[in-house]
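User: Please take me through this model, and for each term that you use, tell me what it rests on.

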Amino acid sequence: MRRHLLFAALVMLAACGSGDAGKEAEVAAGSMEAPPPVGPEIRRAAEALPRLYAWIAAQDTAFDPDAFEVFSPLDADTMPARPMPPSELAQWKPYLMYNADSSLAIDLYSYNYVLRRRGGKTTLEEGGPDFEVGLIDLAKGTRRRLFFTGTAASVLDAAWTDSRTVLLAVAEVRSDDGFRPTLHRFNALTGESTLSTYPTVLRGDVAQYPSPGSSPGGRGDSVGDHYGKKQY
């Protein structure tokens, strides 16, 4: 009889112990942080830059468009807008990236390139190592600097995600075959600036990515009209 009672007690203790272990496992599993949901801004960026994302994926199969960090506030450039004479504006108009109503335009060229006319076609030649992206107000005839960088980074592409929001894709160059992409977002009306960074360094030579607005041959080739059309 005593043996039966002792055996029953041991069974009950084992059951209680396994129940506690199960509860501890459940608590541990519940305490693990779930990955943050992909925000609409990150998805919108991917939709706005399909050519660039396809190129990055071809360079490094580990690239995950959803892995970009949530946009966080960034100090905006404080350089004041400057007048842009009509004659200067006229020669760059075919290469601007216009918003939906053509009231504003992203300028990737007037600071960075020199226009050359050769053999009946216009080519762009790089003017120096620094790179500046500007925002042109067509009604006011002014140009304001949005972004400036030296040789440590390269502006890969740009797009409008809506009629007032500019998106720049920038590569922090880490080596000849490695870079870390970042997304810079600007509100053209308020001047607000935000940044999203990719968590790791990716493989790829950013010099091989065609400059925005150029033909597939890359920098220095004749410029097509894709970026002269209205964009959203």
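Analyst: In the hairpin of strand 5 and strand 6, which has two residues between the strands, Gly119 takes a positive phi near 55°. This is a predicted model, in which local features need pLDDT of at least 70 and side-chain atom pairs count only at pLDDT 80 or more, while totals for chains, interfaces and linings use all residues. Residues are numbered from 1 along each chain as its sequence is written, and side-chain values use heavy atoms, with hydrogens and water left out.

User: What makes strand 5 and strand 6 a pair?

Analyst: Two strands (DSSP runs of E, at least two residues, numbered from the N terminus) pair if DSSP finds at least two bridges between them. Strand 5 (residues 113–118) and strand 6 (residues 121–126) have six bridges in the antiparallel sense, so they meet that definition. Within this pairing, Arg117 stands opposite Thr122 in strand 6.

User: Why are strand 2 and strand 3 called edge strands?

Analyst: The open sheet has five strands in the order 2-8-7-4-3, with antiparallel pairing. Strand 2 (82–83) and strand 3 each pair on one side only, and are therefore its edge strands. Strand 3 pairs with strand 4 over two bridges, and Met97 has Ile106 in strand 4 as its bridge partner.

User: How do you know that the buried residues of helix 3 line one face?

Analyst: Buried means under 20% relative accessible area, exposed over 50%, and partly exposed in between, with a 1.4 Å probe and protein chains only. In helix 3 (a DSSP run of H or I, at least four residues), Leu52, Tyr53, Trp55 and Ile56 are buried. Seen down the helix axis, these residues fall within an arc of 160°, so they line one face of helix 3; the arc is that of the directions from the helix axis to the C-beta atoms. Pro50 and Ala58, on the other side, are exposed.
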